Every structure is written in structure tokens, then in C-alpha cells.
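I opened this entry to keep track of what I looked up, one item at a time. The notes follow the order in which I checked things.

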Amino acid sequence: MNQVRGKRIAMIFQDPQTCLNPVQTIGTQIGEVLSHHLRLKGKARHERSVELLEQVGIPHPRERVRSYPHQLSGGQRQRVMIAIALAAEPELLIADEPTTALDVTIQAQIMALLKQLQQRHHMALWLITHDLGLVEDIADSAAVMQQGRIVETFSRRDGALFAQPQHPYTQKLLAALPSLDSCLLRQPKPTPPLLQVSDLKVWYPIRRGLLKRIKGYVKAVDGVSFTLEQGNTLALVGESGCGKTTLGKAILQLLPATSGRVYFNGEEVHTMATRQRCKAIQIVFQDPFSAMNPRMLVGDIIAEGLWSLYPGISARERREKVERLLLQVGLPVSARLRYPHEFSGGQRQRICIARALAVEPRLIVCDEPTSALDVSVQKQIIELLQALQKRTGVSYLFITHDLAVVAEIADQVAVMYGGRILELGETRQILHSPRHPYTQKLLSALPGKSLYSSAVLSKSASNSSGDNAGADR
């Protein structure tokens, strides 16, 4: 099987953080496939590794080939996984959520590359995904799976893949798709500012030579300024590696800022006591598995903030609150007695959302909170976040690459590229009348646009009969 895996059959795994070796460089891990299956050595192996990184859209591939996984963003790690899978040009490629952490432009680039390789080498592509728009754009056939069974199949020979769904679960999935037009109905109300970011910079030094002198800087965040008002949601969109996650972590003081100021409710964040800051601001991380202690029960993970920040709460009150949060995010109460590895990627993301909600913060930084969820659960999470915001007035800094989700939840949108904000405005203006060419490029690359039209959604909703619980994909 060692001659089959990686050469004849390759796989892109869903969670790149746990699939990449943390103590080996990216070039070494790609080179392992090239050495084993193609017998490439030395300079030829190095050049092919650089070429693969360039094909999957990694910036500065000759420098990144020497990087370690922790030095890359989530989306960049996903692209490295794709490069490793494509290295030996397999006959069958099994892609498990290959574009989950990628923005729409890189997603379009990766899928175009996969289609090109498919045609050139007659490669079969088995795509496991919850992105119906992506399926509509590239698949020749599709199978809808629920609770371990295939409930409905579609073929391109019959026309559009999802034109006439018959099974209630398929109808429910289509009805749950977010609409790009939903932002047109929302009127943001002016409220006092909660979070103010002024000229924030996060620069990383590039050290070279024997003495490791600084030769330049990676400007991950380069002079970002914006204001988030109380009870509102600001969506931060842009390609992977543009600095979105770094910005969110710098706001929470999880990363040191090079310069600039961050104010929360008029108080500078770095002067706030740690307990005060943790009560006020929480974060949902992009990679749920690495964000949880694998040796702790889920119930203890969710209750950890309550133990630390609210020691006066009794054990019974903690348990009841944990159970309510699990039900709110669509998980059974029994999940509190299980470990993180027993859940799928989407379920682990819901656990992280429940943990962030536990201490009832005033601001939540949501870093790709719905990227690993199927559309029905995604809709459930969005409705949960909106209901919580309406009830408590919590604000969200919503980091995402899903423009349709942005339309559903955001009051304002900031488009980020190369560490800078290129365009900032109300959601309806950004999504329907974008001014900057990069924003226009993002919108034009959105897959399966026909599925996100109001007409399709209305038709699917009217055909839907029943609310069937489904799996994550």
C-alpha cells in the first residue's frame, strides 16, 4: 500500500494542522513524496517543491519552502497539504474539505489546477465538501449523505445538479443556503463605539546570515484602523495569509503589536487586567482541534472559563449552563462526557463556539467559525449568534472568506489584502456596489452564484418538508 498511497491514490485531509509534521520544514515534507515516488533528489527535488508551492498560490515560495507549519496561516497550511497530495500526480485524489480555509480567489485557483491536472492525467477527483456552490461549479455527479447513508444522487447529464431535489434533507440544505441579498433588508443602527483600532501594525523581522541580522520585515498587519460599534458585527474578509487572524490575535493581546492602539469601551486593551479582558473579549479560533486540550472532556473545556472567571458558581449551575450551551449549538447533552477526538471537525467547531459563549463576553472575535460546518448547521450557528446579539448586545469581529455568510450576519465589511484594509463600508454597499478592484475580484470568484439567488432559496424553502437532523457533510 505504500506504493499506492501518495502515488496512485492521494488524499487531502480536512485538518492540515494535525497532518503536517511540526518539526519538519514545508520543503522537507513535500520532498518526502518526491523522493519516495518520483526518486527526485537534491536540486531537482527542491525546485519541484518550490514549483508546487507556487502552483497552489503560496506567496514567496522560495522563502516559504524553508518555513515550518506554525509559521503559516490556516489557509496556507491547507494549500501545502494540497501541494503534497498533487506532488506525485495521482490517478485518484480524495479531497476532504480541500477549500475549507481558502478564500474564493485561491479556491478558484486551486480547483482550476485540480481540473487541469484531471484533464491532463485523467485523474479522478472525489470531493468531500459541504460547499454546494463548489459542487455545482465543478462536479460531474453528486451524492448527498445523511447519517451514514446516501439519500440522493445527481448527475450533470440530467442538467443542473440541484435543479430538482426530491429528498427532504437535500431540500433542507438548499433552503439553508445564505442569500447575498439578505443584507439589503438590514438597516444598521448607529450605536456608541465598543472597539477602536488605530494604525495597528504587526511586523515580523526577517533575519538572515550567520549573525541573524534583520534584513527586512513581514508586514502581517500594516496600519489597520477601524471602529466596531456596540451590538454590531464587522466582517473582516480577504484571502488567507492577508493578516486577518493576526489582527484578531493582536486585538486580544495574544500577539504583540509593533505599534498602534486598541481601545475597548474607551480603555486601552493592553492596560486592562487579564481577567477583565477575558471576561470582555473571547475568541473562536480557526482550528478547533488544536484549540482544545485533547485530554479534557468537552464539558470541562466549555466550563473552563466559568471555573476561572466565575469561581462563585456552583458545580450544578456550571453543568446546567454547559448543557444549555451544547443544545444551543446543536450538540446532545451527552457530548459533555466525551473527548474532542470523538467529534467531527464541524462538531469540534461548535464546541469552541459554546466555550466562547460561556462567559457571556461583550465582544467575540470569530475566526472562521462556520468554515467547517455544513449549510444547515451553519444557518443554525448564524441564527444563534444573531439571537445572542439581539438579546445581550454582544458585538462580533467576524473573520471569514465566505461572502454569502457575510451578507447574512454583518453590518459592515472590511476587505483586507496584504495587511491593509482596502475597502470599508456597509455590507450592502460592499457586496452589491464594490469600488475596489480586489473586492470586485472576490465577488466574481464566488462559486455557484446561481444557488445563492433569492429565487432558488425561496423555491427550495417552499419545497422543504420537515426539519431533518443531518451530519456535518
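**Cavities**

I looked up the largest cavity and found 23 lining residues, with His 130, Asp 131, Gln 378, His 401 and Asp 402 nearest its centre. The elements that supply two or more residues to this lining are α6 and α14 (375-392). I note the terms here: on a 1 Å grid over the protein atoms alone, a cavity is a set of points where a 1.4 Å probe fits but cannot get out, and lining residues have an atom within 4 Å of a point. Helices (H or I, at least four residues) and strands (E, at least two) are DSSP runs, numbered from the N terminus.

The model is predicted, with pLDDT of at least 70 needed for local features and 80 or more for side-chain atom pairs, while totals for chains, interfaces and linings use all residues. Residues are numbered from 1 along each chain as its sequence is written, and side-chain values use heavy atoms, with hydrogens and water left out.

The space in the largest cavity comes to about 280 Å³. A volume is the space filled by probe spheres set on the grid points, which are joined across faces, edges and corners. I sorted the lining of the largest cavity by class and got nine nonpolar, 10 polar and four charged residues. In this sorting Ala, Val, Leu, Ile, Met, Phe, Trp, Tyr, Cys and Pro are nonpolar, Asp, Glu, Lys and Arg are charged, and the others, Gly among them, are polar. The search of the whole structure gave two cavities of 30 Å³ or more.

**Second largest pocket**

Next I turned to a pocket, which is an open set of points with protein on both sides within 12 Å along at least five of seven lines. The second largest pocket holds about 800 Å³ of space. Its lining has 29 residues, and Trp 126, Leu 127, Ile 128, Thr 129 and Ala 143 lie nearest the centre.

Which elements each supply at least two residues of the lining of the second largest pocket? I listed α6 (104-121), β3 (124-128), α7 (132-138), β4 (141-146) and α8 (168-175). The largest share, six residues, is from β4. By class I counted 18 nonpolar, seven polar and four charged residues in the lining of this pocket.

I also checked one residue of α6, Ala 108. Ala 108 is partly exposed because its relative accessible area is 36%, where buried means under 20%, exposed over 50% and partly exposed in between (1.4 Å probe, protein chains only).

**Salt bridges**

I counted 14 salt bridges in the structure. A salt bridge is a side-chain nitrogen of Lys or Arg within 4 Å of a carboxyl oxygen of Asp or Glu.

Arg 261 and Glu 268 form one, at 2.7 Å from N to O. Arg 261 is partly exposed at 43% relative accessibility, whereas Glu 268 is buried at 15%.

Glu 320 and Arg 316 form another, at 3.2 Å from N to O. Both residues lie in helix α12 (residues 315-328), four residues apart, about one turn of the helix. Glu 320 counts as partly exposed at 30%, and Arg 316 as exposed at 56%.

Glu 323 pairs with Arg 336, with 3.3 Å between the closest N and O atoms. This pair links distant parts of the chain, 13 residues apart: Glu 323 is in helix α12 and Arg 336 in the loop between α12 and α13. Arg 336 is partly exposed, at 23%. I also noted a network in which salt bridges with shared partners join Arg 48, Glu 51 and Glu 89.

**A buried arginine**

I then looked at Arg 355, in helix α13 (residues 345-358). Arg 355 is buried but has no salt bridge, and the nearest side chain of opposite charge, Glu 304, is 5.0 Å away. The side chain of Arg 355 does reach the backbone oxygen of Ala 291, at 3.1 Å.

**Positive phi**

Last, I checked phi in two loops. Lys 212, between β6 (193-208) and β7 (213-229), has a phi near 55°, a positive value in a residue other than glycine. Gln 253 also has a positive phi, near 65°, and lies in the loop between α9 (244-251) and β9 (259-264). Gln 253 counts as partly exposed, at 34% relative accessibility.

Definitions and conventions: Lys and Arg count as positive and Asp and Glu as negative; His and the chain ends are not counted. A polar contact is a pair of N or O atoms within 3.5 Å; within protein, one must be able to donate a hydrogen and the other to accept it, and residues adjacent in sequence count only if both atoms are side-chain atoms.
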